[in-house]
Amino acid sequence: MFAQANSEHCRHKIFNANWTLDGQPRDETLFGMIRATHAANPQGTVVAYSDNAAILEGGPTQRFFARTDQSNGLYRRSPQTTHALLKVETHNHPTAIAPFPGAATGSGGEIRDEGATGRGAKPKFGLTGFTVSNLQLPDAVQPWELDADGKPYGRPERIASPLSIMIDGPIGGAAFNNEFGRPNLAGYFRTYELSAGGRMRGYHKPIMIAGGVGNLDAAHAGKRPLPVGALLIQLGGPGMRIGLGGGAASSMGAGSNTEDLDFDSVQRGNPEIQRRAQEVLDRCWAMGDANPILSIHDVGAGGLSNAFPEIVHDAGRSARFELARVPLEESGLSPAEIWCNESQERYVLSIAPDSLATFDHWCQRERCPYAVVGRVTDDGRLVLVGDEGDKGDIPPVDMPIDVLLGKPPRMQREGVHVLRA
């Protein structure tokens with residue numbers, strides 16, 4: 001849990017590090033420079049850096065959908081202010097190990113980020129991008145692609161070749177987008193290797209970019225406070241013994257992890273379940289002011305161990321969870337595997353107890369699994385119990401939530417200017 005929640009993937013410690021450049025301390029962090037640029041030009045931005053996707057200011061629209069806060073459920077034009085969503089993220093590590101499922105789950109995670117923005121939003125269209133090393137096409141390898149011994153520059157055997165990544169990766173991303181029901185309209189790919197300082201640098205660990213655009217009702221742009229006793233729900237697919245350690249693995253250099261752990265961190269995509277979950281979200285935000293969702297979060301790196309603590313900590317709360325309530329597809333999982341696996345197609349969200357009947361109705365209609373896993377507390381502790389009936393058992397987790405998600409010590413990074421002729 002600590003490894004995933006405090007990985008570079010989740011906490012961006014390098015981008016928030018203290019820097020010296022040519023021996024001179026810098027006042028700003030890399031993220032600070034980005035935020036300063038936005039602060040100087042904030043026009044048109046509603047939310048940035050604080051939710052699963054950025055929200056850009058929209059305008060009055062006549063949005064066409066079935067209003068689910070009305071009994072007839074007819075499609076009609078509903079006047080509302082509609083904002084736009086933007087999100088781009090990288091999914092480099094699993095694409096390097098398993099190009100098709102890696103790129104597929106990269107697209108799937110980005111789609112979930114859009115849907116889990118504010119109090120529920122609508123993904124519209126996507127993009128994928130790939131940067132790899134030289135392709136080394138069969139029967140067409142060029143001399144500059146080989147080392148002094150006439151061999152390709154080395155990469156760990158478990159890392160897929162650039163050519164296989166470019167054959168299977170884009171298909172994986174397109175397949176998930178299509179099967180979810182969102183068109184993938186844009187993308188790019190490039191190859192790059194550079195000999196510098198006696199070393200060949202390239203992208204054996206590729207850059208796989210997943211991005212997209214969506215929209216949401218302006219009234220749902222902000223997450224609501226979480227009252228004590230609010231329900232904490234997992235929506236979507238069951239947990240499995242897959243995707244273990246992906247957040248930490250993606251933050252490591254290619255080949256520096258052990259081979260079995262690299263493969264353990266690869267996930268599986270199930271766009272059908274994610275489509276069902278999105279339909280539930282659509283039914284909720286279509287209720288307008290009666291939307292039962294108070295706050296929602298994508299389940300990505302670290303699985304439930306990262307998403308559930310984050311959703312309550314961001315609201316200034318804490319929580320108690322029951323491990324036995326987490327839906328599972330496999331038996332015999334340890335508490336760590338249940339709590340930390342990164343099975344795809346899951347969201348965590350919070351609703352008031354009196355909204356459960358309405359939420360259950362939409363889940364039953366869309367045949368989407370869900371489970372009430374915990375409740376919001378205000379005692380400052382993150383508590384995970386094995387089973388409410390096992391009063392004598394030591395909880396797998398019982399700790400101050402700020403220890404997990406408080407401000408970590410800052411890294412120190414050093415940089416130098418490189419002058420080129």
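Where does Val141 sit in the chain? Val141 is found in the loop between strand 6 and helix 6 (162-180). More on that residue further down.

## The model and its confidence

This is a predicted model, where local features need a pLDDT of at least 70, side-chain atom pairs count only at pLDDT 80 or more, and totals for chains, interfaces and linings use all residues. Residues are numbered from 1 along each chain as its sequence is written, and side-chain values use heavy atoms, with hydrogens and water left out.

As for pLDDT, that is the predictor's confidence in each residue, on a scale from 0 to 100. The chain averages 87, and 91% of the residues score at least 70. Where pLDDT is low, the predicted coordinates should not be read in detail. Helices (H or I, at least four residues) and strands (E, at least two) are DSSP runs numbered from the N terminus.

## The second largest pocket

The second largest pocket has a volume of about 210 Å³. Some bookkeeping on terms: the search runs on a 1 Å grid over the protein atoms alone, and a pocket is an open set of points with protein on both sides within 12 Å along at least five of seven lines. A cavity, by contrast, is a set of points where a 1.4 Å probe fits but cannot get out. Lining residues have an atom within 4 Å of a point. Grid points are joined across faces, edges and corners, and the volume is the space filled by probe spheres set on the points.

The lining takes in 14 residues, and Phe64, Phe65, Lys122, Asp282 and Trp285 lie nearest the centre. Strand 4 (54-66), strand 6 (122-132) and helix 9 (271-285) are the elements that give two or more residues, with helix 9 supplying the largest share, five residues. By class, you get six nonpolar, one polar and seven charged residues. Here Ala, Val, Leu, Ile, Met, Phe, Trp, Tyr, Cys and Pro count as nonpolar, Asp, Glu, Lys and Arg as charged, and the others, Gly among them, as polar.

## Aromatic pairs

Rings of Phe, Tyr and Trp (its six-membered ring) pair if their centres lie within 6.5 Å; planes under 30 degrees apart are stacked, over 60 edge-to-face, and the rest tilted. That rule gives eight aromatic pairs. Phe64, one of the residues nearest the pocket centre, forms a tilted pair with Tyr75, at 5.7 Å centre to centre and 40 degrees between the planes. Phe64 is in strand 4 and Tyr75 in strand 5 (residues 75-90), so the pair ties together parts that are eleven residues apart in sequence. For accessibility, buried means under 20% relative accessible area, exposed over 50%, and partly exposed in between (1.4 Å probe, protein chains only). Phe64 is exposed at 53%, and Tyr75 is exposed at 56%.

Phe359 and Tyr370 have ring centres 5.5 Å apart and planes at 90 degrees, so this pair is edge-to-face. Phe359 belongs to helix 12 (residues 356-366) and Tyr370 to strand 15 (residues 370-377), so parts eleven residues apart in sequence are tied together by the pair. Phe359 is buried at 0%, whereas Tyr370 is partly exposed at 23%. Elsewhere, ring pairs link Phe308, Phe321 and Trp339 into a cluster.

## Strands and sheets

Two strands pair if DSSP finds at least two bridges between them. Strand 1 (residues 18-21) runs antiparallel to strand 2, joined by two bridges, and Thr20 stands opposite Pro25.

Strand 8 (residues 193-196) and strand 9 (residues 199-202) are antiparallel too, with four bridges; Glu193 faces Gly202 across the pairing. They make a hairpin with two residues between them, and Gly197 in the turn has a positive phi of about 60 degrees.

## Some C-alpha distances

Back to Val141: it is partly exposed at 37%, and its C-alpha is 48 Å from that of Leu328, 187 residues apart along the chain. Gly58, in strand 4, is partly exposed at 38%, and its C-alpha is separated by 6.8 Å from that of Thr81, 23 residues apart along the chain.
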